[in-house]
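Here are my notes for a first look at this structure. Please read them with the model open beside you.

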Amino acid sequence: VHKHRWWKEAVVYQIYPASFLDTNGDGWGDVPGITKKLDYLKSLGVDVIWVSPIYKSPQADMGYDIADYEDIDPSYGTLGDVDNLIKEIKKRHMKLIMDLVVNHTSDQHAWFLDSRSSKTSPKRDWYIWKPARYDSSGNRQPPNNWALILGEANSAWTWDETTQEYYLSLFTPEQPDLNWENPAVRAAVHDILRFWLNRGCSGFRMDVINLISKVQTYPDAAVTVPSHTYQPGDKYYANGPRLHEYLQEIHDRVLSKYDTLTVGEMPFVRDEAEILRVVGAESRELNMIFAFDLVDIDNVPGDFKFTLHKWDARDLKRIVNRLQRLMLERDGWNALFVENHDQPRSVSRYTDDSDEWREYGAKLLCLMQTTLAGTLYVYQGEELGMRNVPKSWGPEEYKDIESINFWKKNNTMYPGDEEKLSHARHILHLKARDNARTPMQWDASPHSGFTSPSSTPWMRVNSDYDHINASSQLATPNPTPGTLSVHAFWQRALASRKANKDVFVYGDFEMLDMEHRSVVAYKRWSADKSFITVLNFSGGNVSWKGLEGVRVKKWVAGNYDERELGNKGMGGSVDLRPWEGVLGMLE
Ligand code: TEU
Ligand code: CA
């Protein structure tokens with residue numbers, strides 16, 4: 001049985017600050033905008049707010065390129081605004097966690113400016129510098145064949161003219177990787193954590209924290225994508241040799257002295273033993289990680305992100321089952337999420353986002369997430385069922401460096417090839433990070449209430465804000481008799497999760513019927529209560545026979561007209577309509 005901890009029960013809400021709420025009419029969301037919406041978040045059922053980076057930054061990667069960790073970017077406000085935000089959060093008995101991006105800095109950070117100034121600079125060794133290689137024709141080549149993560153046509157190494165060496169920059173050339181082998185770098189990172197903890201923040205979401213230790217021989221990666229010069233190099237930079245040592249050092253020197261929530265973002269890792277070393281009950285590393293299995297479900301394994309892989313409910317069950325069991329049987333902990341600022345909208349990705357089915361899909365995903373074990377993360381707009389940008393938007397609407405690079409690459413590799421380019425547009429529409437970065441849809445007024453009517457939002461507002469927005473869902477929590485708005489459904493589900501935390505947070509788990517192609521169903525129970533969740537992940541009608549051996553006492557929630565829940569079977573089989581999900585209490 002799991003030890004009770006506040007950070008296991010917490011509902012965390014992720015804010016993407018540029019797109020949350022603009023209060024000064026410059027078209028860019030800001031810290032006072034977050035403060036303004038705290039009552040909205042509190043009444044939704046949020047306990048912890050995670051704000052994506054608001055530090056001083058040239059915004060090459062929307063703030064994940066930090067130029068000063070101890071100051072706020074003027075476009076977001078001031079340190080005083082953050083102090084006020086923390087005060088108002090605490091007043092409402094909530095907590096704030098900051099986004100800690102320390103695998104790399106901005107190329108405009110004072111450390112890097114110093115490092116690149118000369119080979120003898122005292123900060124030279126704070127980053128990863130290597131000499132060029134030369135091929136048989138004498139052409140200069142990067143030190144190895146690793147591809148840039150946010151632009152796979154390019155090398156992860158950037159040439160520096162002044163000092164005639166390459167530096168490692170895994171994400172973009174504007175994001176040089178820090179050299180964690182250097183103890184002075186680690187001590188500087190510890191100071192950043194202390195700075196924010198002492199200011200009143202309660203923990204961190206740690207950006208790509210499993211990339212901080214690299215295999216020191218920097219070998220070439222195997223060729224897994226033959227069409228490309230540069231290759232995925234994660235084998236050598238994800239979960240590297242000294243990762244656990246570095247994490248334990250952070251824990252022992254800093255975190256152990258505070259009461260924190262820590263969640264490490266860990267792409268590429270599949271090995272359960274590796275995950276447990278980080279999040280196991282006895283480990284002194286992190287509370288939980290973001291595992292990528294669910295959001296990578298439609299990627300071709302070993303290939304780059306903008307690929308399409310077919311999946312069905314069986315794949316989803318294998319993933320969910322594995323992560324749930326990891327927590328239960330081996331005493332680890334996990335973060336539950338299907339959306340963030342790097343992923344398309346969940347209702348578009350896992351269900352059907354057409355006007356006919358969108359609300360069912362959004363509530364289906366809500367039912368799933370609120371009845372699984374783990375710390376729950378809700379991304380801004382997910383509670384409204386916001387969806388991907390319209391198909392009609394051209395590539396010029398995309399603001400994200402990753403999408404821009406992908407579109408450029410396709411135009412370079414396949415100039416004028418309409419078939420290839422329309423496929424690239426199709427994949428962008430399905431997977432671009434910008435799908436989740438459009439401004440928050442507060443109401444039906446111009447620019448969705450995100451900024452003043454006379455301003456220009458930094459990114460185009462999704463055209464569906466006239467009928468998908470917070471204000472209409474709050475005003476009409478019961479759109480038709482027996483149904484709830486997506487927002488009201490989330491609100492009630494979060495309250496029910498808390499009221500039954502012995503089951504939904506800490507209880508046991510059993511996945512039922514692993515082989516069914518569209519139904520995802522599982523039991524959750526504690527010493528004195530048990531529930532069953534049954535979810536139809538398909539647009540067809542299904543009669544699911546899986547109730548054999550169980551007796552449902554009462555169906556308590558569903559995403560169709562709840563006045564009809566009494567007509568559902570109590571044993572044997574249950575009939576489900578398209579994208580229908582139900583929650584039942586067992587005898
Ligand atoms: O993302 C890490 C990460 O692995 C991403 O490359 C992810 O695979 C990609 O976004 C999928 O499109 C984090 C941040 O969340 C992301 O916004 C940053 O761009 C990245 O780190 C670099 O800091
Ligand atoms: Ca603003």
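**Notes on strands, helices and the ligand**

1. Start with Lys523. Its bridge partner in β20 is Ile532. This is a predicted model, so please read each point below as a description of a prediction.

2. That bridge belongs to a longer pairing. Strand β20 covers residues 530-536, and β19 pairs with β20 over seven bridges in the antiparallel sense. The two strands form a hairpin, with four residues between β19 and β20.

3. β19 also pairs with β18. Strand β18 takes in residues 508-512, and its pairing with β19 is antiparallel, over five bridges. One pair to find here is Phe509, whose bridge partner in β19 is Arg524. β18 and β19 form a hairpin too, with six residues between the strands. Look at Asp513 in this hairpin: its phi is positive, near 55°.

4. Is β19 mostly covered or mostly open? Mostly covered. The strand runs over residues 519-525, and five of its seven residues are buried.

5. Turn next to a sheet of three strands. The sheet is open, its order is β6-β12-β11, and the pairing is antiparallel. Which strands stand at the edges? They are β6 (129-130) and β11 (157-160). Each has a single partner strand, so one side of each lacks a neighbour in the sheet.

6. Within that sheet, follow β11 to β12. Strand β12 covers residues 165-168, and four bridges join it to β11 in an antiparallel run. Thr158 has Tyr167 in β12 as its bridge partner.

7. Helix α4 covers residues 79-91. Does its length agree or disagree with expectation? At 1.5 Å a residue, its 13 residues should span 18 Å; the end C-alpha atoms are 18 Å apart, so the two agree.

8. The burial pattern of α4 is worth checking. Val82, Leu85 and Ile89 are buried. Seen down the helix axis, the buried residues of α4 fall within an arc of 55°, so they line one face of the helix. Gly80, Lys87 and Lys91 lie on the other side of α4 and are exposed.

9. What do the buried residues of α4 pack against? Two helices, α2 (31-36) and α3 (38-44), are among the partners. The strands β2 (48-51), β4 (68-72) and β5 (95-100) are partners as well. Just after α4 comes His93, with a positive phi of about 60°.

10. Helix α14 covers residues 418-431. Its 14 residues should span 20 Å at 1.5 Å a residue; the end C-alpha atoms are 20 Å apart, which agrees.

11. Which residues of α14 are buried? Ala424, Leu428 and Lys431 are buried. Down the axis of α14, the buried residues fall within an arc of 90°, so they line one face of this helix. On the other side of α14, the exposed residues are Glu418, Glu419, Ser422 and His426. The cover over the buried residues of α14 includes α13 (401-413).

12. Last, the ligand. How many residues are around ligand 1? There are 14, of which Tyr64, Phe171, Val208, Pro267 and Asp342 come nearest. The shell divides into six nonpolar residues, one polar and seven charged.

Definitions and conventions. Residues are numbered from 1 along each chain as its sequence is written. Chains are lettered from A and ligands numbered from 1 in the order in which they are written. This is a predicted model: local features need pLDDT of at least 70, side-chain atom pairs count only at pLDDT 80 or more; totals for chains, interfaces and linings use all residues. A residue is near a molecule or strand if its C-beta atom, placed from the backbone, lies within 6 Å of it. Ala, Val, Leu, Ile, Met, Phe, Trp, Tyr, Cys and Pro count as nonpolar, Asp, Glu, Lys and Arg as charged, and the others, Gly among them, as polar. A residue is buried if 20 or more other C-beta atoms lie within 10 Å of its own, exposed if 12 or fewer, and partly exposed in between; C-beta atoms are placed from the backbone. Two strands pair if DSSP finds at least two bridges between them. The expected span of a helix is 1.5 Å times one less than its number of residues. The arc is that of the directions from the helix axis to the C-beta atoms. Two residues are in contact if their C-beta atoms, placed from the backbone, lie within 7 Å.
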